[in-house]
Amino acid sequence: MEVIGTLKRQMKHNAVPVLLFLLLMTSSCEKVSDSDDGSDQIRERISFNDNWRFMKYDSTQEVDNLIYDIRPEIRDRRDDKQADSKPTEAVATSGDSAILKPWIMPTGNDFIKDNNNRYKRPEGNPGSDHPFVKSDFDDSGWKKITLPHDWAIEGPFYEGYPAPVGGGMGRLPSPGVGWYRKNFEIPEEDRGKSIYLDIDGAMSYAMVWLNGQLVGGWPYGYTSWRVDLTPYLNFGERNQLSIRLDNPESSSRWYPGGGIYRNVWLVKTNAVHVGNWGTFVTTDSISENSAIINLEVRLVNDTEQRVSAELISVIYELDQSGTKGNEVARFKEVTATLAGSQETKVASHIRMSNPKLWGPPPTQQPHMYLIETSVTVDGEIIDVYPTSFGIRSLEFDPDQGLLVNGEHIFIKGVNMHHDLGALGAAFNLRAAERQLEKLVDLGANAIRMAHNPPAPEVLELTDKMGFLVVDELYDSWERRKTPHDFHLIFPDWYEQDLRAMVRRDRNHPSVIIWSTGNEVGEQYTGEEGAALTKKLATIVKEEDPTRPTSASMNYAQATMEMPEEVDVLNLNYQGEGIRDAPEYVHLREGRISTTPAYPSFHEKFPDKMIISSENAAALSSRGTYIFPVSEGISSPIRDGIGGDDKNQYVSSYELYTADFGSSADKVFASIDKHPYVAGGFVWSGWDYLGEPTPYYGARSSYYGIIDLAGFEKDRYYLYQARWRPDHPMAHILPHWNWPDRIGKITPVHVFTSGDEAELFLNGESLGRKKKGEYEYRLRWDDVRYDPGKLKVVAYKNNEVWAEDSVRTTGEPARLELSVDRRRINANSKDLAFITVRIVDEQGNTVPDANNTVTFELEGPGRIVATDNGDPTDLTPFPSQDRKAFSGLALGIIGSTHEVGEVLIYVSSEGLEGAELRIETVD
């Protein structure tokens, strides 16, 4: 038992592994105890989100000089450049300021393969004299917050030109330097354990001090990372944790958020334990009868003694809720011997009978399993490590496309940025789940994480719900897109960031492809860019040889070098052609322009699968329509041509695009004409904060199929008609409230999963039309407006399939409320999303109503934010007053820790108000 004594306190025989925590408050110091009854624990992962203090320097304050590195001077602050602008070379920096980078670099050593390239921590302890890292500093005047936290989302929005932050980064105050502080205790009985701080994401250039000692940090804001607190802890005493973040200006092409915006964990293990992200599960030889499960475990010995350990791994089935079921298989026990302060990898495999496969609905089901790996030393269980995984086969066929478990799955994907609308970048599980639920209803089956690794919980959701995922690392490599984007850290951190992403995410069956970059400037640098592409792909293969790698290309042609070095051809906009249609020809000068590129890539690379990794880039403001309407199927936006420069709106006829984009109709036709294309990813699934092309006076994008508040645009139904062909549906646009257009041409378009339809105005048929080849909407472009009722009857195979109608409404009379869920958890995290509709006396939604509504609440709940989906609305999100946009508004209600009934009342001057009740439960 000598080793066990060295490892930690003695463990009881046959101890049952559990995972629980107790957070006890003693005055202002949080005591982190490992059990409420004194029983021993094996591994603990404790939420570390509560009881933080926060401050951010305002623009008038002089910021401290604890900088990671010197940054180049910003000479061009324009943020309204076209998204396909050519990236440029990095700008050299110089200066004599002291930097902390040498003390931060060692944090990433575990992800540097060559020991000779790992970093040695310099002597000294920079920042130790700064008051914010000292335990006696009085932070009672700082804001008390709970993580995840986005320091900018409450606003206010910056308006006009010039502004400190423009539309490109969402007009919110995300740049700046902020500090987080937290006091806590670690019990004396934990002495000898390994104690880690795990940060799922912090934006950005994070640096961590504990008890005045600089521990480490990580610059890239989207990577999950860990620091070892053990050498710096005061066991049985108060500990002071301080984290500094520095979010540069001009650092992103979209809203990055700011602060510790994902979850934070305190992890306690015994000295011999499974390492961070220390298991790797692969499956092969899959059939209905059996599958081989391969398991690799990385075991770490933090003691100075030689240790012999036994590993036993057991497979359990998980139900849809993630609850562990019965044991289904057990690996043979394996033994590992580790020298002091060393680690080793232990491999084993098992043939499992009658596996339930993971696959995308509706034709397959996303079955999941759990492996529990127990580590035993001298007969004592000293660690238990869980790994969830799924069993599935993937084939990337250049002619058929993607096959999952032998079945052809057409990729019906969307691109998603990381923000959660009015909640900002601060991760919330229910908000992310709501986004995915709406995509399921749309018919989507795939998500490309643009352009960074997501919060880990997002991949847990995609596993559970059966989405296919392209996991992407960077938006830029060595060449820059904005002056202070992450090209500044790429040379030092690309290996660490890339290995960290793959190790964290490689056990998720939903992840099918690794993407190392998006539209990077190295497309333009020939052999040099191709060599870097290959270097990154090699790193990925070292971490995971089972999945293909790619990098999304909007410039690199089939004849260029970069496509040679990717396994799957991810083409952005090239497939349908960029600026190739007659309406776009005048936009070509100095810009990317291509004819449809699928044939040239397929001919040059007959052994590589092609994906349209970004397509469309269509734009619209929900519920707004601009006349006249384009006669073609795709058009760029100019004032009066799909655009309203005065109000900064884009027409919802869903024909208008960014200058480099194409309408959904054009994209559909291009893919249908080239059936070897595996499918694609629309830009974008939801609107997101920042990048408000074409109107950079706005706060958020126009690209989404779903607007920022979660309301469906007309385009939603165009995609649903294509992606859910067996779902009876029809959708008419525009609305029918046009008092100034009586007798004027007002085109009517219908999106339907049927193959033909008949349109009626006030009971009179306006004709029956059938979709032609490569047609995806039905158009009645000569309709003259007459108030009343429009109705469409859609047919499929000459049988009635679906109906829809719109009518001229009366004036706004009252409010109607609906909610996504009537019961939410009383955990201070769960959310209810309330839709407010402004309706007339007959209950019809008034589609052009913009009345201001006010939210009030009684009971154990919180009004977290409000929104309306209008990209131009610069009212701060926490405001309880919100103008409706196209007849709708949204209220986001959060729970507290109290159980009870919450009454939400919504009012509007001159209208009949409405109330709704929800219940918060344990």
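V650 is buried, at 0% relative accessibility, where buried denotes under 20% relative accessible area, exposed over 50% and partly exposed the range in between (1.4 Å probe, protein chains only). The residue belongs to strand β34, which covers residues 649–650; helices (H or I, at least four residues) and strands (E, at least two) are DSSP runs numbered from the N terminus. With residues up to four places away in sequence left out, V650 touches L619, S620, S621, T624, I626, I637, G642, Y656, P694, Y695 and Y702, a contact being defined by heavy atoms within 4.5 Å. Between V650 and Y625, the C-alpha to C-alpha distance is 7.5 Å, at a sequence separation of 25 residues.

The model is predicted, so that local features need pLDDT of at least 70 and side-chain atom pairs count only at pLDDT 80 or more, while totals for chains, interfaces and linings use all residues. Residues are numbered from 1 along each chain as its sequence is written, and side-chain values use heavy atoms, with hydrogens and water left out.

One of the residues touched by V650 is P694, which takes part in a cis peptide bond with T693, with omega at about 5°. P694 is placed in the loop between β36 and α9. A further cis peptide bond joins L147 and P148, with omega at about -5°; P148 is located in the loop between β5 and β6 (176–185).

The loop between β36 (679–683) and α9 (714–723) also holds Y688 and Y703, which are 15 residues apart. Both Y688 and Y703 are buried. Their ring centres are 6.3 Å apart and their planes lie at 5°, so the pair is stacked. Rings of Phe, Tyr and Trp (its six-membered ring) are paired if their centres lie within 6.5 Å; planes under 30 degrees apart count as stacked, over 60 as edge-to-face and the rest as tilted. In total, the structure contains 40 aromatic pairs. Ring pairs also connect Y68, Y205, Y220, Y222, Y474, W477, F486, F490 and Y494 into a cluster.

Positive phi values occur at R579 and S828, neither of which is a glycine. For R579, phi is about 55°, and the residue is found in the loop between β29 (569–572) and α7 (598–604). R579 counts as buried because its relative accessibility is 2%. For S828, phi is near 65°; the residue lies in the loop between β45 (823–825) and β46 (831–839). With a relative accessible area of 31%, S828 is partly exposed.

Helix α4 (residues 456–465) is largely enclosed by the rest of the structure, because eight of its ten residues are buried. The buried residues in α4 are P456, E457, V458, L459, L461, T462, D463 and M465. Just after α4, G466 adopts a positive phi of about 90°. Another glycine, G141, lies in the loop between α2 (101–104) and β5 (143–145). G141 counts as exposed, since its relative accessibility is 73%.

The C-alpha atoms fill a box of roughly 90 × 60 × 60 Å along the principal axes. Of the 922 residues, 62% are buried. Among contacts with a separation of 6 or more, 73% involve residues 24 or more positions apart.

The protein exposes about 34,800 Å², of which carbon and sulfur atoms supply 45%; accessible areas come from the Shrake-Rupley method with a 1.4 Å probe, and for residues only the protein chains shown count as cover. The mean positions of the 97 positive and 139 negative charges are 1 Å apart. In this count, Lys and Arg are positive and Asp and Glu negative, with His and the chain ends not counted; each charge is placed at NZ of Lys, CZ of Arg, CG of Asp or CD of Glu.
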